[in-house]
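Here is a short briefing on a protein complex. Look over the sequence and the structure, then read on.

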Amino acid sequence: MCLTVGYGLDLDLGQAKVLVGRLAVMYIIVLGIGLITQFERLRWQTAVSSERRLRRERIELSQQIHDTTAQTAYMIDLGMHRARKLASESNEDLLAVLDATSALSRSAMWEMRGPIDAGHILEGRELVRVLCSHCATFERITAVPAEIQQSGTEPPLASEIRTGLFSIAHNALTNAFLHAKPARVEVSLNFEPERIKLSVSDDGVNLPDDYADRGRGISGMRADAEQIGGTLSVESANGQGATTITCVVPYQGVDGGA
Amino acid sequence: MLNAGTGLVKKWITPGSLTLPDVVIYATWISVWGRWLILLLGVFLIAYRPGFWYSKDLEYLALPVLLLAVNCLVHYRLLAKRPVTQRWLLFLSLMDVALITAGLIIGAGFPSFIFLAYYPALAMFAVIFSSLWLSLGWTTMVVLATPWCA
């Protein structure tokens, strides 16, 4: 018995069975792999949409903080200044209370700038651009001159990397403002061929020897650095009153979209 | 009207994920490395046979060389970060099927061991395009090409 398929493929029954079997295996393989990949694609799309929703919520939250709480803190600070002017110079206790409250309100204003400017990072803005505006805000709130220096051009970086570096810069500035009482701070961002180097320096009071055991500032920054595949180092010159916090992130595995 | 129809068909057969450039690049990397692996295994299977240096077998050798050249080109484009689109992926898959079919035509037809190369080629297509309908359509095209392999 002979089977003719298409253009002259004459097969006996045994061969025809083999051919049909082979063709059936093709469909089985494609169907099996197709179903697996479709299932995986669905999971991937669910994860991506969930991440997008979280990101959108964070951006909305940062906008809400900016429009409500941050504005209120700003108004409180203005009120403190006004109250200080109205208070009699002879009432030193009242002045001290007003100064302390003003410092607290400025501290709160600065803390709120973290999530607000992090929202700009999530919106896809370049790190340098966000840090420039962050330093300008730091200077306005704390009255401490903040300078930013950049070398190299910022490549397209994944939002995780930009968020991590921004968080480190913000926390380093917060530490300087709250603990070091500096005359000036400097943020430098170097885009080198193999790595990104972020440094935040201040000329204030040295870090205590046991700084690693105190608070969570440095350990938080170190965790941020590790999360983006980088390292964090802290240099505090004994007696010279200068602290530099440096984060280095190698480019390997760093490039990505917004 | 024609454009709308083409768009509808394109939407139907194209997986949503492949509209993202990053996903296309990722899929192309998988495709290129998968092809290197299959190519190496194919060359090994051809070279390992005792009667390799028959004149007919030399014709076989032209096929992996062509595959190697095209895969090199795509690999270079990926390394040089040049744009890679869905059309490249489709072209590579079409080339896989065409070369395997050519191998069968040159050789002993469908009983040849080269027939087995259809399986990884189709499997790779299903992984890369991840559209079940497109993969089944592609398989049907391969099945219909079988009569030419006599």
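Which residues in α3(A) and α5(A) meet? A:Ser107, A:Trp110, A:Glu111, A:Gly114, A:Asp117, A:Ala118, A:Ile121 and A:Leu122 in α3(A) touch A:Ser159, A:Arg162, A:Thr163, A:Phe166, A:His170, A:Thr174, A:Phe177 and A:Leu178 in α5(A). Two residues are in contact if their C-beta atoms, placed from the backbone, lie within 7 Å.

This is a predicted model: local features need pLDDT of at least 70, side-chain atom pairs count only at pLDDT 80 or more, and totals for chains, interfaces and linings use all residues. Residues are numbered from 1 along each chain as its sequence is written, while chains are lettered from A and ligands numbered from 1 in the order in which they are written.

**Confidence**

- The predictor gives the complex an ipTM of 0.72 and a pTM of 0.61.
- Chain B has an average pLDDT of 78. This score is the predictor's confidence in each residue, from 0 to 100.
- In chain B, 77% of the residues score at least 70.
- Within chain B, helix α1 (residues 2-13) has the lowest confidence, with a mean of 56. Helix α5 (residues 118-129) of chain B has the highest, at 89.

**Chain B**

- Chain B has six helices and zero strands. Helices (H or I, at least four residues) and strands (E, at least two) are DSSP runs, numbered from the N terminus.
- Of its 150 residues, 30% count as buried. A residue is buried if 20 or more other C-beta atoms lie within 10 Å of its own, exposed if 12 or fewer, and partly exposed in between; C-beta atoms are placed from the backbone.
- Take the chain B contacts between residues at least 6 apart in sequence: 72% of them join residues at least 24 apart.
- B:Ala145 sits in helix α6 (residues 132-145) of chain B. With 17 other C-beta atoms within 10 Å, B:Ala145 is partly exposed.
- B:Ala145 and B:Val97 are 48 residues apart in sequence. In space they are 9.2 Å apart, C-alpha to C-alpha.

**Helix packing in chain A**

- Helix α2 (residues 69-86) and helix α3 (residues 92-122) of chain A pack at about 160 degrees, with axes 9 Å apart. Axes are lines fitted to C-alpha atoms, for helices over the stretch in contact, and angles run from 0 to 180 degrees between N-to-C directions.
- That angle makes α2(A) roughly antiparallel to α3(A). Angles under 35 degrees count as roughly parallel, over 145 as roughly antiparallel, 65 to 115 as roughly perpendicular and the rest as oblique.
- The crossing of α2(A) and α3(A) is left-handed. A crossing is left-handed if the near helix is turned anticlockwise from the far one by less than a right angle, and right-handed if clockwise.
- α3(A) also packs with helix α5 (residues 159-180) of chain A: the axes come within 10 Å and cross at roughly 165 degrees. These two helices are therefore roughly antiparallel to each other, and their crossing is right-handed.

**The sheet in chain A**

- Five strands of chain A form an open sheet with mixed pairing, in the order β3-β4-β5-β7-β6. Two strands pair if DSSP finds at least two bridges between them.
- β3 and β6 (231-237) of chain A stand at the edges, each with a single partner strand, so one side of each is left without a neighbour in the sheet.
- Strands β4 (residues 185-191) and β5 (residues 195-202) of chain A run antiparallel, joined by seven bridges. They form a hairpin with three residues between them.
- A:Leu189 stands opposite A:Leu198 in β5(A).
- β5(A) pairs with strand β7 (residues 242-250) of chain A over eight bridges, in the antiparallel sense. There, A:Ser201 has A:Thr244 in β7(A) as its bridge partner.
- β6(A) and β7(A) run antiparallel and share seven bridges. A:Ser233 stands opposite A:Thr246 in β7(A).

**Two loop residues in chain A**

- A:Ala143 is not a glycine, yet its phi is positive, near 65 degrees. A:Ala143 lies in the loop between α4 (127-142) and β3 (146-151) of chain A. With 8 C-beta neighbours inside 10 Å, A:Ala143 counts as exposed.
- A:Lys181, also not a glycine, has a positive phi of about 45 degrees. A:Lys181 is in the loop between α5 and β4 of chain A. With 13 C-beta neighbours inside 10 Å, A:Lys181 counts as partly exposed.
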